[in-house]
Amino acid sequence: MSTGKQAPEREAAAPMAAGARLEAMRRRVRLSRLAVWTVIAAGPIALAVAITSTPTTVEAATPSKPTAVRTTAVAADPAGYAQLFVHAWLRSSTDDASSAQARLAQSMAPDVELPDPATDAQLTPQSVTAVRSAQRTDGAWSVTVAAQYSDGAVRYYAVPVAADRAGASFIVTGAPGVVAGPVRAEVPKSSYGVSVPEGDLSAAVGEFLAAYLTGAGEVDRYLAPGVSLSPVSLAPYTAVTVQQVSAVEEAAAAEQVPADGTKVRVLAQVEARDPGGRWPLGYELALTARSGRWEVSALESGTALDGGAR
């Protein structure tokens, strides 16, 4: 081909090549825009997938952290420990430090000396009882222990005791000291101020307590519906006599049984007899009126004072 013909062909091919390059650039721009919109669209989709994912998947990806559990230490009362120590200490002697009681006292109080009673002394108590304990500071206690002797005398000892934070171990930290006994408290005014005369209510109380304490008759027949109460086993007494009945509510003094549902609380003083003698006892009862009779709805172990509220 001649040089003259090749020149026009090159001139014609130049615009075509330029057009092809321009078209390729446009395709790259369109693809770039499509990629950008794809990424933008993928954001909300990914967010929706994360929100709708199950909690199990999220929890599996999150490392679990151990939960700290705090427990509050409860201060253990060392009254029993002090009582045991005084019991062993009063039965010990420096003349026989190898006895069982002496070894026990020394193990509970390593720094406390043993007593040195006279040969003819009768100082062994009949009973030893912890009557009061007070926490002085964290872990430090003072326990008052009463020792009763055969002649009726009572001697009180204050025992210093230390306890660990968990209340699992104790130690007597010093020699016991003889102290005055607790002062007698004033008796609170009883809430049972209504005197109950002989009649349906006092009779119901007497019959119930006779069945409860002697086994004479069924206890259930004196109970209100839904109340369950077992008699004393084995029946300790042969006879029970009501001495006095007092009540909180005025309705208990009525001559006739009041309307159904009327509730009263009473304190019954009774005399119980057995082959060994007679015994004065007291019982607090709650009774409910139903169908013209009184039925026991509760038996309390103690006496309610200051209003007798339940």
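In these exercises Ala, Val, Leu, Ile, Met, Phe, Trp, Tyr, Cys and Pro count as nonpolar, Asp, Glu, Lys and Arg as charged, and the others, Gly among them, as polar. The structure is a predicted model.

**Exercise 1. The largest pocket**

Describe the lining of the largest pocket by class, and state which residues lie nearest its centre.

Solution. Next, take the 17 residues that line the pocket, of which L90, S92, P115, P117 and L123 lie nearest its centre. Then sort the lining by class, which gives 10 nonpolar, 4 polar and 3 charged residues. Finally, look for the elements that give two or more residues to this lining, and these are α3 and β3 (154-163).

**Exercise 2. The surroundings of Y149**

Decide whether Y149 counts as buried or exposed, and find which residues it touches beyond four places away in sequence.

Solution. First locate Y149, which has its place in the loop between β2 (140-148) and β3. The relative accessibility of Y149 is 8%, and because buried means under 20%, Y149 counts as buried. Then list the contacts of Y149, leaving out residues up to four places away in sequence: L90, L123, T124, P125, Q126, R155 and Y157.

**Exercise 3. The buried face of α4**

Work out which residues of helix α4 (residues 100-108) are buried, and what they pack against.

Solution. The buried residues in α4 are A102, A105 and M108. Seen down the helix axis, the buried residues of α4 fall within an arc of 135°, so they line one face of the helix. Those buried residues pack against α3 (79-90) and β4 (170-172).

**Exercise 4. The nonpolar cores**

Identify the members of the largest nonpolar core that touch the most other members, and find which element supplies the largest share of this core.

Solution. Among the 30 residues of this core, those touching the most other members are L201, F208, L209, V266, L287 and W294. Turning to the elements, α5 (200-214), β7 (239-247), β8 (263-274), β9 (277-290) and β10 (293-300) each supply at least two residues, and the largest share, 8 residues, comes from α5. To follow one member, take L201, which, leaving aside its neighbours within four places in sequence, is in contact with V196, A252, V264, V266, L287 and W294. Lastly, a second, separate core has 24 residues, including F85, A88, V145 and A163.

Conventions. Residues numbered from 1 in each chain as written. Predicted model: local features only at pLDDT ≥ 70, side-chain atom pairs only at ≥ 80, totals over all residues. Heavy atoms only, no water. Buried < 20%, exposed > 50% of the residue type's maximum accessible area, 1.4 Å probe, protein only. Helix = DSSP H or I, 4+ residues; strand = E, 2+ residues; numbered from the N terminus. Arc of directions from axis to C-beta. Contact = heavy atoms within 4.5 Å. Core = buried A, V, L, I, M, F, W, Y, C linked by side-chain atoms within 4.5 Å. 1 Å grid on protein atoms, 1.4 Å probe; cavity = no way out; pocket = protein on both sides within 12 Å on 5 of 7 lines; lining within 4 Å.
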